Amino acid sequence: MADGGGWRPPRPCEVYRAEWKLCRSARHFLHHYYVHGERPACEQWRRDLASCREWEERRSAEAQRSLCESERARVQATRKHTLVWALRQSPPADWHLPLPQEEKDQ
Amino acid sequence: MAGAADERPPGPPAEEQLQQQHVACQVLPERLAEGKPGQGFLSSFFTNNQKCQLMLLKTLETSRSRGPGAGDPYVKLLLDAMKHSGCAVNRERHFSCEDCNGNVSGGFDASTSQIVLCQNNIRNQAHMNRVVTHELIHAFDHCRAHVNWFTDVRHLACSEVRAANLSGDCSLINEIFRLHFGLKQHHQTCVRDRAILSILAVRNISKEVAQKAVDEVFESCFNDHEPFGRIPHNKTYARYAHRDFQNRDRYYSNI
């Protein structure tokens with residue numbers, strides 16, 4: 001993560017706001033309950049929105065730290081399960097090859 | 001890959017490719033399309049194949065000139081993600097509209113890298129969107145991972161769990177239409193059940209074996225939301241997911 005010079009919030013502040021609003025909506029409550037059987041937690045989006053705005057206004061180092069920590073935690077949460085399969089280093093060789101000849105003849 | 005209600009059996013392993021192609025062609029057409037109701041205006045003037053091609057065109061619409069609302073956001077994201085992974089999708093090469101057996105809606109044939117759409121079973125545009133989304137998830141998995149479709153039932157189970165989870169197959173609305181009523185955590189029940197059905201449609205194994213495979217991989221695969229980053233409950237979520245995907249360079253370089 002680059003400090004000072006090149007850094008900006010990972011997402012535009014409007015996106016944090018949109019995610020927070022979506023999270024707090026009744027429809028999202030319903031979807032979340034339907035999937036997880038519990039209510040959603042939206043507080044972190046609100047904190048991230050506040051940090052984002054604080055950084056925009058005052059370039060606060062604390063806001064930058066808080067945002068980075070929050071987003072890294074989100075990324076970690078998606079990576080905590082071991083994958084069932086091995087990821088490829090390159091796409092399947094035959095993806096772009098023409099269809100087998102018998103197919104074309106039909 | 002294939003599901004009883006929504007997919008059709010995948011292609012045979014390479015060594016059996018001498019036989020037929022498409023898919024456990026137990027998938028010879030059993031009934032002709034003419035009698036099928038429900039397409040309204042289009043029924044009178046177009047064949048099932050033409051209807052299928054037209055609906056597919058609409059689903060794959062990504063043209064900017066049509067505005068950001070054109071096409072389906074689930075499909076747009078999957079197409080972008082696949083392109084990013086080196087598997088750009090070409091409509092003519094990677095899709096095929098065909099007649100299928102039973103009430104299967106589509107399938108992904110890993111041996112030919114082709115998505116088959118069952119022109120006699122896809123009811124309307126919304127259904128087409130969902131079938132294409134479902135099959136593109138399989139294609140995406142095939143593109144980014146070494147999926148042993150034919151030799152490891154756990155891999156097949158994983159892709160089916162993901163497809164049922166992320167394509168909208170198990171949305172509350174769809175389940176209600178199927179007369180499956182349940183709210184708290186019902187989504188997970190639906191995903192398990194549909195994954196098992198899909199596996200049984202393409203593998204000659206017992207329900208217990210299929211169930212065991214799904215149970216083994218469920219925790220990992222249910223929580224693997226690539227390329228969406230979340231479970232897209234409806235088009236709004238899918239649009240947000242697409243927005244995040246387009247923003248990923250900025251995202252990863254600033255955390």
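**Rings, charges and a buried glutamate**

Trainee: Over the ring of which residue does the charged end of A:Arg24 sit?

Mentor: This is a predicted model, in which local features need pLDDT of at least 70 and side-chain atom pairs count only at pLDDT 80 or more, while totals for chains, interfaces and linings use all residues. Residues are numbered from 1 along each chain as its sequence is written, chains are lettered from A and ligands numbered from 1 in the order written, and side-chain values use heavy atoms, without hydrogens and water. A charge sits over a ring if NZ of Lys or CZ of Arg is within 6 Å of the ring centre and within 35 degrees of the ring normal. For A:Arg24, the charged end is 4.5 Å from the centre of the ring of A:Trp20.

Trainee: How many aromatic pairs does the structure hold over all chains?

Mentor: Rings of Phe, Tyr and Trp (its six-membered ring) pair if their centres lie within 6.5 Å; planes under 30 degrees apart count as stacked, over 60 as edge-to-face and the rest as tilted. Over all chains, the number of such pairs is 7.

Trainee: How many residues apart in sequence are the parts that A:Tyr16 and A:Trp45 tie together?

Mentor: The two rings form a tilted aromatic pair, 6.2 Å centre to centre with 50° between the planes. A:Tyr16 belongs to helix 1 (residues 13-24) of chain A and A:Trp45 to helix 3 (residues 43-58) of chain A, helices being DSSP runs (H or I, at least four residues) numbered from the N terminus. Both A:Tyr16 and A:Trp45 are buried, that is, under 20% relative accessible area (1.4 Å probe, protein chains only).

Trainee: What kind of pair do the rings of B:Phe218 and B:Phe222 make?

Mentor: B:Phe218 and B:Phe222 are 4 residues apart in helix 9 (residues 207-222) of chain B, about one helical turn. Both B:Phe218 and B:Phe222 are buried. Their ring centres are 4.9 Å apart and their planes are at 15°, so the pair is stacked.

Trainee: At what distance from the ring centre does B:Arg192 lie over the face of B:Phe218?

Mentor: The ring of B:Phe218 is also part of the pair with B:Phe222. B:Arg192 lies over the face of B:Phe218, and the distance to the ring centre is 3.9 Å.

Trainee: Which side chain does a polar contact of 2.8 Å join to that of B:Glu175?

Mentor: B:Glu175 lies in helix 7 (residues 172-177) of chain B and is buried, with a relative accessible area of 2%. A polar contact is a pair of N or O atoms within 3.5 Å; within protein, one must be able to donate a hydrogen and the other to accept it, and residues adjacent in sequence count only if both atoms are side-chain atoms. At 2.8 Å, the side chain in polar contact with that of B:Glu175 is the one of B:Arg178.

Methods. Helix = DSSP H or I, 4+ residues; strand = E, 2+ residues; numbered from the N terminus. Buried < 20%, exposed > 50% of the residue type's maximum accessible area, 1.4 Å probe, protein only.
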